[in-house]
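I opened the notebook to record what I looked up, entry by entry.

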Amino acid sequence: MTQNAGIRGSYWLDTAPGEPYPALGTDLTVDVAVVGAGIAGLSTAWELARAGRTVAVLEADRVAAGVTGHTTAKLSAQHTLIYDRLRRTRGTEAARLYARSQTEAIEHAAGLVDELGIDCDWERTSAFTYLCDKAHVDEVRAEAEAAREAGLPAEFVAETGLPYSVAGAVRVRDQAQFHPRKYLLALAEELRAEGMPIHERTRVLGLDEDDDGCRLTTETGARVTARDVVVATHYPVFDRALLFTRLSPRRELVVAAPIAADRDPEGMCITPEEDTRSVRTAPYEDGRRLLIVTGEHFTPGTGDTDKRFTRLGDWAEEHFPGITLTYRWATQDNDSTDTVPLVGPLHPGARHTFVATGFGGWGLASGIMSGRLLTGLITGESPAWAELYDPRRLRSVLREAPAFLKHQAKVARHFVGDRLTSLHADSVDDIAPGTGAIVRHGGQRCAVYRDEDGRTQAVSARCTHMGCLVAFNSAERAWECPCHGSRFGTDGQIVQGPATRPLERRDLAAKTDED
């Protein structure tokens, strides 16, 4: 694998740095508070502002710099092999509503790009879901039929623009790809221009709700009072309906390299084979294209991420010889146990709290859809597909029982098994520079990182969300929870929720007990 010595992180963050927004410093009262400033949060805020509501957006880090800033940026209603499964498990009408809601989200975004004149590298292209194994080509044929029946312009094809042959593919025309951060930064600026406050570095820690509305407490000490609250934090930081039992976190790796325009495969291609392989391009310097390859999905905190990056880079170079990798990053998604996102009331008794989560790797179209759906629920104009996405759905919960039990068994293995297996290092002295490990020290399980200069940082090895043991991701220098996907820096500070508290610092000289 050939890579640039100065390889960079997310292309979207690198090419659209954006201006900062202030942290919340004083108490605030609005109609609706939106927690999270990714695609779902900003889309919801935008729709609510257009509907005449006053809105505040509260972001723990920076606008569109979390999951949305690390996406592969495909806007497609064809979500791998979903429609055949939907018509079998939830019926043909559910499949139609899913296709309609996702397609309308794409067209809605296209309309905003034109209306606001957003320069975000918007391109129309086809989406391909393909398989190379001839033994499973009937699955692709069935998906093409189901997608077409659901209302998409879908067809079965035997060829794509990829530089290798496939056994078969579903092609859906007139989908889209864009630069998500440029798009969302433009929406954020429009909101600010309309007087809607956006606050970065404002982590929300508490939510109180009653029949009259909601009150939020933040890390800065400021409070927000709102009639309605939307939790759009990717993985819900408030979970009064135990949605974490129906969500499975996964990470995927991304590598990118410039290619000549005449090598562009011209389409967004994805296969579930080989632990997922996704290929698309984006406009790049000097008339070239940036090849973006995604794959190697895995549960956070498991396995060797460096080896996975190497494997993905080698795959990209094998199929696109001569490339030099210039970017690499990772993205994180949450899969719901029944495939469909969870968008609607936060819990069964909720009147003023709402959630959007479980996008399963297709968060851009689903995030835009969520903004429209949640605005409809809040303003009393629910769209036809509200029931499809409702987190309170019961029949679907019963059908998803096997997936639910499998997920819970996996979490239990990490929660209990990680405490029974051997520790990652026998002592702090065994930890090499630039690496981290779990060490029992003075009766404590500590997550210890040693930097390149030999200095150590020690924090509690217990995730502050539900108490699972974290594991070290060497490629991204982060502590990750394999149970629900929380991620922390080497100093214990939160990188990604659902955790809302950092890992506690540990003194390696202390001799207290912990279990």
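Is glutamate 266 buried or exposed? I noted first that the model is predicted. Glutamate 266 has a relative accessible area of 61%. The cut-off for exposed is over 50%, so glutamate 266 counts as exposed.

Entry on glutamate 266. I placed this residue in the loop between strand 12 (247-259) and strand 13 (268-271). Its phi is positive, about 55°, although glutamate 266 is not a glycine.

Entry on glutamate 274. I found glutamate 274 in the loop between strand 13 and strand 14 (277-283). Glutamate 274 is not a glycine, yet has a positive phi of about 55°. With a relative accessible area of 46%, glutamate 274 is partly exposed.

Entry on threonine 80. I looked in the loop between strand 4 (74-75) and helix 3 (83-89), where threonine 80 sits. Threonine 80 counts as buried because its relative accessibility is 16% and the cut-off is under 20%. Leaving out residues up to four places away in sequence, I listed its contacts as Thr129, Glu143, Ile270, Pro272 and Trp362.

Entry on the cores. Which residues have the most contacts inside the largest nonpolar core? I wrote down Val63, Leu75, Tyr83, Tyr183 and Tyr389, in a core of 81 residues. Helix 4 (residues 92-116) gives the most to this core, with 10 residues. Another core, of 25 residues, lies apart from it, and includes Phe128, Leu253, Cys269 and Leu291.

Entry on leucine 75. Not counting residues up to four places away in sequence, I found that leucine 75 touches residues including Ile106, Ala109, Trp122, Phe178 and Met268.

Conventions: Residues are numbered from 1 along each chain as its sequence is written. This is a predicted model: local features need pLDDT of at least 70, side-chain atom pairs count only at pLDDT 80 or more; totals for chains, interfaces and linings use all residues. Side-chain values use heavy atoms; hydrogens and water are left out. Helices (H or I, at least four residues) and strands (E, at least two) are DSSP runs, numbered from the N terminus. Buried means under 20% relative accessible area, exposed over 50%, partly exposed in between (1.4 Å probe, protein chains only). Contact means heavy atoms within 4.5 Å. A nonpolar core is a set of buried Ala, Val, Leu, Ile, Met, Phe, Trp, Tyr and Cys residues joined through side-chain atoms within 4.5 Å.
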